[in-house]
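The entries follow in the order I looked things up.

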Amino acid sequence: MTYSFADFNFKKILNSIDWKLLLFLVLFLNVKLAVKVAAIIIIYILQFNFRFGFSLKKTRLPLFYLFVIGIAFIGLIVNKDYGSPNYLLLFLTGVSFWGACLLAIHQVKLSVENNTTEIIQRTILVFFVINAIMSFYNIAHIIWETGAVNPYRYQGMYQKYFIGTGDYIRGITFDTSTTNAVINSFGVIYFLDKKKPVMVFVCMIVLLLTGSNFTNLILLLALTVLFIFKSNKDQKSLVIICVMFLVVFMVKVSPQNHKYVFTSIENIFYKSKPQTETAVAVIARDSLSSPEAIKRKIAQNYIDSVSYVLSKKHLINTAPDSVLALPNYHGRVLILPPDINKPPYLTPTDTTFEERRLLTFIDAHKNSLPISGQPIFSPGLPGALKGVLQTITFFRHHPAKIITGDGIGNFSSKLAFRATGLGFAGDYPSKYIFICRDFLSNHLDIYLNFFSKRGGLHSLTNTPFSVYDQLMAEYGLLGIIAFVIFYLGFFTKHLKKLTYGIPLLILMMAFFFIDYWFEQLSAIVFFELLLLLNIKETSDLKSMIYKYE
């Protein structure tokens, strides 16, 4: 089988795509909530239709969205949370997120129904091309800013990029790099099935640029399964090349990433030693009320000033590292490289504004924060695992809430974090701030424990974000049952019609462990589009076979 670049006849593509769907995807996947709202309004103006087609037997859309909203209202009544105006606003906001998910999948379904599979496929292709262009622009801008061909190994600018370079590769969504990574992992599987090698490699490269270790690992497992059980000779070759890309990236481009992975795994099985907070942390909390603290501050300032004066004298008598030159034995001039042990090449130790804000919050709520409120920092298990244990412990002490959960925004959700007013997941009106005590003493406590500390702890593994945890904690057993039967079940009942949809479904089930994807209003919509398209492709193919028989 041969491949060519004929797939990239853009003039033909631009004349045969669903522009409404493309516009909706670009706007709805944008990180800004206001842009998402605008996307829904625009698409319903262009494609006005509210015939959802719900049915218990042959439903057109997943009934999960209706059931989860119903469970939320039941929980509101059972938990008697309707007494607080601030909570009612939070509750309605949470319900509106589920409503947005429903409105989005309805429009995606309409686009799949009203267009041929070829038009939808070309629309998806154009979306990935645009996203790749934006992602390559992101990395090009970083290279231009740093002057380093490989910013993943560049330690200058106080390590602004270095191992965190991938965090800035956000693509067309301008969302987190994890979102970009997840979407491109879908692209690798999708284009592998469509036998489009160029786009397979483009998506794989963008995915690697994001530096998402978890996404890389899950995709590697999926590709391994496809390689063994469901791929032809050409597809196996593409899988091998993708794996080679991954190995080269981890070994040559960003070797500190695989070291970080091994360190994270090691921290899970080997308990870290507790670390007492340093004077820097104390000063960051503005706790200079005692005479000892004042003396310590004066002494530190004196030492810093003396060090500064001595360093200035040294700089006067010494040429800068970047121009320090020495002749060698062959008469050539050697320009010594910069000293990476000096401040511009080291991780800054100053407490950032965001960390100071969290530290101030911790000081004000110490009695309600059993983990982050302690003077000694002990990382222990990753935050994700701690979150699961907290949820189990919570229901052990509150068995009456097992059925309907603790309620929207009361324990584990992006909305709960946002409503704190601490700047998590976007802004929130200060006069409507709401923090449930259950959330404060559990998942928020975990987050504060890691993210109020040095940047090296600001990791995906240290967040309690998870769709499964959200559904269990805030919607109870009813939420989990509704999700399994009416969401996963909606797609798995078409299991015989799914080709690339099966690995995509497995990928998404794994990704549900690392974020609140339904509230994210991004990757989940693209996932649903691909599965709905796969179902239609197989159905159309079977119809053609029956027709010619």
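**Notebook: overall fold**

I began with the secondary structure and found 23 helices and 4 strands in the chain. I note that this is a predicted model. The chain has 549 residues, and buried residues make up 47% of them. Next I looked up the contacts between residues at least 6 apart in sequence. Of these, 74% join residues at least 24 apart. I also noted the accessible surface, which comes to about 27800 Å². Carbon and sulfur atoms account for 67% of that surface.

**Core**

Which residues touch the most other members of the largest nonpolar core? I found Phe 64, Tyr 487 and Phe 518, in a core of 132 residues. Helix H5, residues 85–114, gives this core its largest share, 13 residues. I then listed the contacts of Tyr 487, leaving aside neighbours within four places in sequence. Tyr 487 is in contact with Phe 64 and Phe 518, and also with Pro 62, Tyr 65, Ala 482, Phe 512, Ile 524, Phe 527 and Glu 528. I also found a second, separate core of 5 residues. Phe 394, Phe 395, Phe 411 and Ala 473 are among its members.

**Thr 215**

I looked up Thr 215 next, in helix H10, residues 213–229. Is Thr 215 buried or exposed? Its relative accessible area is 0%, so Thr 215 counts as buried, the cut-off being under 20%. Not counting residues up to four places away in sequence, Thr 215 touches Ala 181, Val 182, Ser 185, Leu 207 and Phe 511.

**Helix H6**

I checked the length of helix H6, residues 117–146. Its 30 residues, at 1.5 Å a residue, should span 44 Å. I then looked at what follows H6 and found Gly 147. The phi of Gly 147 is positive, near 75°.

**Surface patch**

Which residues form a nonpolar patch on the surface? I found Ile 403, Leu 477, Leu 478, Ile 481, Val 484 and Ile 485. Together they have about 490 Å² of accessible area. I picked out Val 484, which lies in helix H20, residues 467–492. Its relative accessible area is 44%; that value falls between the cut-offs of 20% and 50%, so Val 484 is partly exposed.

Terms used:
Residues are numbered from 1 along each chain as its sequence is written. This is a predicted model: local features need pLDDT of at least 70, side-chain atom pairs count only at pLDDT 80 or more; totals for chains, interfaces and linings use all residues. Side-chain values use heavy atoms; hydrogens and water are left out. A nonpolar core is a set of buried Ala, Val, Leu, Ile, Met, Phe, Trp, Tyr and Cys residues joined through side-chain atoms within 4.5 Å. Buried means under 20% relative accessible area, exposed over 50%, partly exposed in between (1.4 Å probe, protein chains only). Helices (H or I, at least four residues) and strands (E, at least two) are DSSP runs, numbered from the N terminus. Contact means heavy atoms within 4.5 Å. The expected span of a helix is 1.5 Å times one less than its number of residues. Accessible areas come from the Shrake-Rupley method with a 1.4 Å probe; for residues, only the protein chains shown count as cover. Patches are made of residues with over 30% relative accessible area and no salt bridge: like charges are joined within 9 Å, nonpolar side chains (Val, Leu, Ile, Met, Phe, Trp, Tyr) within 5 Å. A salt bridge is a side-chain nitrogen of Lys or Arg within 4 Å of a carboxyl oxygen of Asp or Glu.
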